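Colleague: I'd like to go through this model with you. Can we start with how it was made, then move on to the details?

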Amino acid sequence: MRTLESGVKNAKNAVHYVFGRGSILQLEPLLLDLREDESSYAIYLIDSYFEKNPGPLKDISKSDIDFVIYVDTKHEPKTDDINLLLSKLQKTGKDSPFAIIGIGGGSMLDIAKAVSNLLTNEGQAEDYQGWDLVKKPGVYKIGIPTLSGTGAEATRTCVMTNPKNGLKLGMNSDHTVFDQLIMDPNLTATVPRDQYFYTGMDAYVHCIESLAGGYRNAIGDAFSDQTLKLCREVFLSTDMQTDENREKLMVASYLGGCAIATSYVGIIHPFSAGLSVVLGVHHCMANCIVMAVIEEFYPNAVEEFLTFTDKQTIKIPQEICKNLSQEQFDNLYKSTIIHEKPLTNALGEDFKKILTKAKVIEIFKRM
Ligand code: ZN
């Protein structure tokens, strides 16, 4: 059997979405419609950044009965983190909400998706890492992105790492897709410049990888083309964070997510996953570190990427693999080469002939 398929079998995008500056005000009426009676409660899973900086979320009026958990997303989600959140909800009797509302960047949105699925499906997060393993629809999920680029708001997966086996893989399932999105560009107004750039680049990287792959389809290509167009407009302009550019990047993120939902990434994401799993580098920064050294595989994109970093005066971390042990390089190799779908998309079934262990380690040594 071939590893990959091209064509769109039966894609699912977010069921509903509202978009626009100030659209966060729509949350309250939406919840009012969903709330069954006065005993029904929603659970907010909010990035802990907003505990100290509530400003951007000031327009959300929570009902007293609703339950708020601030989640630290400094490190990318591990299966244990998700399990811990789940047992916290179970122990406090808050395990049957009518909605889960995730507010934050890609990690936060992914955590919200995973928790929602686990509240209605038995077992632990690691039981569902893979394809179409989630049996029942999760709790009604509302996603409110506060960072643009990962596309987590649009995808049917929620990436998490299982430290026991080093597997970085999400719950790929139609049940993982958000039922409702609220995309309000006002919520990204306070994102620090570097983070805004790194995260936005994720959308760019998704699409250049998809378009360079062997398994493409016309819809995925159309999503990717438009995403790249928007990314170029944002990152080649003098101020990438104007109201208009933040709006464009939010659209790019969503479309980029739709693009990878119908296609595959390529070489950059597997290497990036290696950096995340072994060295704990955040996904979006890890992508940028890989981008800076991978010109032999993506010459045009790397040139353009470097133009963006120059234009926006963003520094990409260097020499992060300088003093690593042989064991760490072995682990980097393992956690890269395990991603056979994207690597097959990029290089064909025989990708291991090109990405030999020595080659992979040589590439990491450039970072
Ligand atoms: Zn990504």
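Predicted model: local features only at pLDDT ≥ 70, side-chain atom pairs only at ≥ 80, totals over all residues.

Modeller: Residues are numbered from 1 along each chain as its sequence is written, and side-chain values use heavy atoms, with hydrogens and water left out.

Colleague: At what angle do α8 and α11 pack?

Modeller: Helix α8 (residues 268-279) and helix α11 (residues 326-337) pack at about 135 degrees, with axes 8 Å apart. Helices here are DSSP runs (H or I, at least four residues), numbered from the N terminus, and strands are E runs of at least two. Axes are lines fitted to C-alpha atoms, for helices over the stretch in contact, and angles run from 0 to 180 degrees between N-to-C directions.

Colleague: So what do you call that arrangement of α8 and α11?

Modeller: α8 and α11 are therefore oblique to each other. Under 35 degrees counts as roughly parallel, over 145 as roughly antiparallel, 65 to 115 as roughly perpendicular, and the rest as oblique.

Colleague: Which residues of α8 and α11 meet?

Modeller: Among them are Phe 271, Leu 275 and Val 278 in α8, and Asn 331, Leu 332 and Ser 335 in α11. Contact means heavy atoms within 4.5 Å. By class, that contact has 8 nonpolar, 5 polar and no charged residues. Nonpolar means Ala, Val, Leu, Ile, Met, Phe, Trp, Tyr, Cys and Pro; charged means Asp, Glu, Lys and Arg; the others, Gly among them, are polar.

Colleague: How far apart are the axes of α11 and α14?

Modeller: They are 10 Å apart, and α11 packs against helix α14 (residues 357-365) at about 110 degrees. That makes α11 roughly perpendicular to α14. The contact includes Phe 329 and Tyr 333 of α11 and Ile 361 and Phe 364 of α14. Its residues divide into 7 nonpolar, 2 polar and 3 charged.

Colleague: Changing topic, how much space lies in the second largest pocket?

Modeller: About 300 Å³. A pocket is an open set of points on a 1 Å grid over the protein atoms alone, where a 1.4 Å probe fits, with protein on both sides within 12 Å along at least five of seven lines; lining residues have an atom within 4 Å of a point. The volume is the space filled by probe spheres set on the points, which are joined across faces, edges and corners.

Colleague: What lines the second largest pocket?

Modeller: There are 16 lining residues, with Val 71, Asp 72, Asp 81, Leu 84 and Leu 85 nearest the centre. The largest share, 4 residues, comes from α3. The lining has 7 nonpolar, 3 polar and 6 charged residues.
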